[in-house]
Protein chains: 2
Amino acid sequence: MGNSLEIIVAKRAGFCFGVKRAVDLAFDAANKNSQKGDVRCCSVYTLGPIIHNPQVIEKLKSEGVEPTDDIDNPNIKTIIIRTHGVQQEISERLSQKGYEVIDATCPFVKKAQQYAKLLKEEGYQIVIIGDKGHPEVKGLMSYAGKDVIVVNKEDSLPSLKSRVGFIVQTTQPLDVLKKFISEAVEQVKELKVFNTICNSTALRLKETKDMTKDVDLMIVVGGKNSANTTQLTQLCNSVSIPAYHIETASEIREEWFSNVKKVGITAGASTPDWIISDVEKRIRDIGGRGL
Amino acid sequence: MGNSLEIIVAKRAGFCFGVKRAVDLAFDAANKNSQKGDVRCCSVYTLGPIIHNPQVIEKLKSEGVEPTDDIDNPNIKTIIIRTHGVQQEISERLSQKGYEVIDATCPFVKKAQQYAKLLKEEGYQIVIIGDKGHPEVKGLMSYAGKDVIVVNKEDSLPSLKSRVGFIVQTTQPLDVLKKFISEAVEQVKELKVFNTICNSTALRLKETKDMTKDVDLMIVVGGKNSANTTQLTQLCNSVSIPAYHIETASEIREEWFSNVKKVGITAGASTPDWIISDVEKRIRDIGGRGL
């Protein structure tokens, strides 16, 4: 049967603008640190994992950039704020500590934080659409103030005041925003919505959805802790396309490809190119051996 | 068969808050004028028909309050601005003329005008949802400025700028607002929505819809030029209930009621109680004669 397995890789698979910027900043910091010949092995830290991809974290560790959750860690000289941003009070404490702060917050998340602050100043009751446990949302919540309401797609809105402002976790689907503003307008007199959904997520979802019409199987590559990668897998399942969510090529099993003629590869915003290439190569090898 | 025809009158049929206020203001002005024994027969005018109900207009005429479209009419001493409001420039000209101006603009419409002005000052591209030819919408447009976009329920939104503000003709249905903000959020980054829909319209529509489940025929009473009355008739038709839109009891025909056991009466916001009572009486007479 030979090369009967056709492979399509999504054009938008992998690093988005904000992740690329953050990872570049982290590797630059590592590089700068090693050039300075700093005596301490681990003076550069990221506050939490810089992005939701364990393989990138490991690579950074090997170059001397460690994740930490302890902002009082005495070894810290330089601290990198990850793509998801941090709570306002943590940002303030990092400055007070006198660290060199490298802010790798995604510029789109930064904007959402500013909008949260603005809505608060303008006296709106604030609703954030997103996952309460996600670091990006925790950051947004801190700017929105203590009365903030957080809703996830399955939730219903509580009873709202008359002036309500909405912001959205950047990786949420547009339909969820639509659902909630439709619900809100039934209750409120004034609605201010900052559509802070990142285009890149929507376009990646759209491309993946289009791909599913054309393939027998989808391989979704990315951190198991990456929400947007998980979302891509859920999308495939929702249109009844078999899909496997993997972090690296080593997880791939040959039996997945029996009776498969065409396979699509997509990847989350935090998946580096080298992992996607490995996955593609591994599938090509399987296809080359005949199925 | 005797009294086999059951009649239900909608609780919310007839004058809404704004219309009642306007009509009261007009009759007060008429009354004040006749007490003063003013030499001129027609010194009190309404700018256009004060509400969309020909019978009320006739009654006011008989008490010396005439509608006029000519603001330069030399007989005018007192001018009444109707419920729908007027364009900003006309409001200014009336003041310059030195007339006594009685502003009977519905307070909810007035608020919508202020929101249009605010959105303009805040630099939003403004979309008004409503009927471009309706005096209320013409008034709102004047406050929103020359770049305003007006869309009616069948329309699609044009390509929008990144910051868009919405206001709504007070008598529009909520679903139309929902449709347009859902469409808008696909295109724009910031959306500010003043839900200026008047509750009274929505509640009247809801009550009428509920009534249709329970009756064989609907009689909708109100000016043929009244948009919200017409909307009530359309609602009945949309749920396949036979409905007649009449202005007065004299239009009722006995044959409408053959095979009808239960009839519902509803009326637009500009329909006076005395017309609704006449209609009810006339139908009761028909029912009393047996069908």
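Rings of Phe, Tyr and Trp (its six-membered ring) pair if their centres lie within 6.5 Å; planes under 30 degrees apart count as stacked, over 60 as edge-to-face and the rest as tilted. By this criterion, ring pairs join A:Tyr244, A:Trp256 and A:Phe257 into a cluster.

The model is predicted: local features need pLDDT of at least 70, side-chain atom pairs count only at pLDDT 80 or more, and totals for chains, interfaces and linings use all residues. Residues are numbered from 1 along each chain as its sequence is written, chains are lettered from A and ligands numbered from 1 in the order in which they are written, and side-chain values use heavy atoms, with hydrogens and water left out.

Over all chains, the structure holds seven aromatic pairs. One of them is tilted, because the rings of A:Phe17 and A:Phe108 have their centres 5.8 Å apart and their planes at 55°. This pair links distant parts of the chain. A:Phe17 belongs to helix α1 (residues 17-36) of chain A and A:Phe108 to helix α4 (residues 107-121) of chain A, 91 residues apart. Helices (H or I, at least four residues) and strands (E, at least two) are DSSP runs, numbered from the N terminus. Relative accessible area sorts residues into buried (under 20%), exposed (over 50%) and partly exposed (in between), with a 1.4 Å probe and protein chains only. A:Phe17 is exposed, at a relative accessible area of 51%. A:Phe108 is partly exposed, at 39%.

A:Tyr115 and A:Phe194 form a stacked aromatic pair, 3.9 Å centre to centre with 5° between the planes. A:Tyr115 lies in helix α4 of chain A and A:Phe194 in strand β9 (residues 190-194) of chain A, so the pair ties together parts that are 79 residues apart in sequence. A:Tyr115 is partly exposed, with 23% relative accessibility. A:Phe194 is buried, with a relative accessible area of 1%.

Helix α9 (residues 273-288) of chain A has 16 residues. From first C-alpha to last, α9(A) reaches 22 Å, close to the 22 Å expected at 1.5 Å a residue. The expected span is 1.5 Å times one less than the number of residues. Buried in α9(A) are A:Ile275, A:Ile276, A:Val279, A:Ile283, A:Ile286 and A:Gly287. They cover an arc of only 115° around the axis, which puts them on the same side of α9(A). The arc is that of the directions from the helix axis to the C-beta atoms. An α-helix has 3.6 residues a turn, so residues three or four places apart point the same way. The face of α9(A) turned away from its buried side carries the exposed residues A:Asp273 and A:Lys281. Contact means heavy atoms within 4.5 Å. The buried residues of α9(A) pack against β1 (6-9), α2 (54-62), β10 (217-221), β11 (243-246) and β12 (262-267) of chain A.

An unreviewed UniProt entry lists A:His52, A:His84, A:His134, A:Thr170, A:Ser226, A:Asn228 and A:Ser270 under "binding site". UniProt positions are given in the numbering used here, feature names are shortened, and annotations may be inferred rather than shown by experiment. A:Asn228 sits in helix α8 (residues 227-238) of chain A. A:Asn228 is buried, at 11% relative accessibility. Residues up to four places away in sequence aside, A:Asn228 touches A:Thr171, A:Arg204, A:Gly268 and A:Ala269.

A:Ser270 occupies the loop between β12 and α9 of chain A. A:Ser270 is buried, at 4% relative accessibility. Not counting residues up to four places away in sequence, A:Ser270 touches A:Phe15, A:Val19, A:Ile51, A:His52, A:Asn53, A:Val56 and A:Ser226. A polar atom of the A:Ser270 side chain lies 3.4 Å from the backbone oxygen of A:His52.

A:Ser240 has a positive phi of about 60° although it is not a glycine. Most residues other than glycine have a negative phi. A:Ser240 lies in the loop between α8 and β11 of chain A. A:Ser240 is exposed, at a relative accessible area of 65%. In chain B, B:Ser240 also has a positive phi of about 60°. B:Ser240 is found in the loop between α8 (227-238) and β11 (243-246) of chain B. B:Ser240 is exposed, at 64%.

B:Ile149 is placed in strand β7 (residues 149-151) of chain B. B:Ile149 is buried, with a relative accessible area of 14%. Neighbours within four places aside, B:Ile149 is in contact with B:Gln125, B:Ile126, B:Val127, B:Ile128, B:Pro158 and B:Leu160. B:Ile149 and B:Gln125 are 24 residues apart in sequence and 8.2 Å apart in space, C-alpha to C-alpha.

Methods
A polar contact is a pair of N or O atoms within 3.5 Å; within protein, one must be able to donate a hydrogen and the other to accept it, and residues adjacent in sequence count only if both atoms are side-chain atoms.
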